[in-house]
Amino acid sequence: MYWVIDTDIVWQNENWKIVEIILEKEGLDIRFLHSILCNKDIVISTTRTVIYDITDHSKNSLQERYKSMKKSEKNLIEKIVSEENDDYSDDSLFNIASWGADLSFREIISMYKEDELVKPELQRKYVWDKVEASRFIESILMGLPVPSVFFAQSGSQKLIVDGYQRIMTVYDYVRGIFSDDNKVFRLSNSKKINKRWRNKTFSELTIDEQRKIRSTTIHVIIFEQKEPENDDTSLYQIFERINTSGRTLMPQEIRNCVYQGTFNKMLLELNKDKNWRALFGLKTEDSRMRDIEYILRFFAMKSDKVKKKSSGQISLKKILNEYMKDYANADENVINEFKVDFTSTMEAIHDKIGANAFRNYSRGKFTNKFHPAIFDAISIAVSETIIHGNNFKSVTEKQHIMLLQNDDFKDAISMRTTNIDNIKKRINLAHKFLIEGVSNEE
């Protein structure tokens, strides 16, 4: 038996609400998150409400199974606390329709094959390894509950907003090919997988086991914004709030779902640029789209919304959202201008400053982490130099280090980094030290 031990309403309108509930396994220290779409008037009690009755398993087995299934990536990005805590409240009023449905994996696979169910461009890359994917399939075969997924209605299609890993794992296993390596999908031979299913393809399962996978149902919550028309900002708000309550979508993953169009496709293309990859410090594209967010940041931080603001604090998250929305369906000429701006800037920085351009300098050496505020300062200073037709000469390591050790620059990249004065200060200092060649002594 599972019991509800905590509840949290994360979204509601006049008739419906989404409740995030924490479930606990009776007699075991096992907890996991589940989402329920229900009538607004329904009250979910936290006093030992029965939710699931499943075959009992050992404490260690269940604890291991409900750990977060994601591949850890080496942390290459310098954390800026003020930016991580950035948030804002949208003043818009929305009319959103929402409904729930229990769909079998058979139905979901059919919808995906017929393009009724689609994943936005690189909505979230497939990040589970073979063992993680195998354990999810094993969970289904064992009869364990599957967490809810979220779709957004877009015309006659539905976009996968949350739940892509789960859906694609089952889709891949049934069709027999593992997306990560395009090889035959056999369940892992690891001891973590029950020996009765180890190394088996879908076709090697018994007929009953195949039917169990296809017929297992998953609860789907679907949203559709009715008003305002031609504006999907509510979807960002909803999915971000779901994320705050335990979901795993990151800001750029949400933008990638909500603001699809020519600009989003351009960001995905620019993220493959060889100079940018070398400067970012990761050969493969970041599975959580953090690298793509910094490309968006490059364009947004030198836009009029920032440049023409005389003082005060900006919400970086809001600026990025609005910029991506404004240019979501930019025409070909605008997109080409953006491409030339970014690629020429990254090429110049890589060639004239070097691979450490966006790293800080500490204890006599460059750090290993990409620094967001150093990135926007140097990249915007170089971009504006190129756009104005001015010559950008090679930068010596001494010049670069002098900039990074300048006290004013250090303050501007570490404290109140979204303050307009600090944004302009660090860009101007980057220009003085790297373009004009000014030294600390001057």
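**Salt bridges in a predicted model**

Good morning. Let us begin with Arg 297, which is buried at a relative accessible area of 2%; buried means under 20% relative accessible area, exposed over 50% and partly exposed in between, with a 1.4 Å probe and protein chains only. This is a predicted model, in which local features need pLDDT of at least 70 and side-chain atom pairs count only at pLDDT 80 or more, while totals for chains, interfaces and linings use all residues. Residues are numbered from 1 along each chain as its sequence is written, and side-chain values use heavy atoms, leaving out hydrogens and water.

What does Arg 297 meet in a salt bridge? Its partner is Asp 376, at 2.7 Å from N to O; a salt bridge is a side-chain nitrogen of Lys or Arg within 4 Å of a carboxyl oxygen of Asp or Glu. The pair links distant parts of the chain, 79 residues apart: Arg 297 is in helix α11 (residues 290-300) and Asp 376 in helix α15 (residues 372-387). Helices (H or I, at least four residues) and strands (E, at least two) are DSSP runs, numbered from the N terminus. Asp 376 is buried too, with a relative accessible area of 0%.

The structure holds 17 salt bridges. Another of them joins Lys 158 and Glu 116, whose closest N and O atoms are 3.7 Å apart. Because Lys 158 lies in strand β7 (residues 157-162) and Glu 116 in the loop between α3 (105-113) and β5 (117-118), the pair ties together parts that are 42 residues apart in sequence. Lys 158 is buried at 13%, whereas Glu 116 is partly exposed at 30%.
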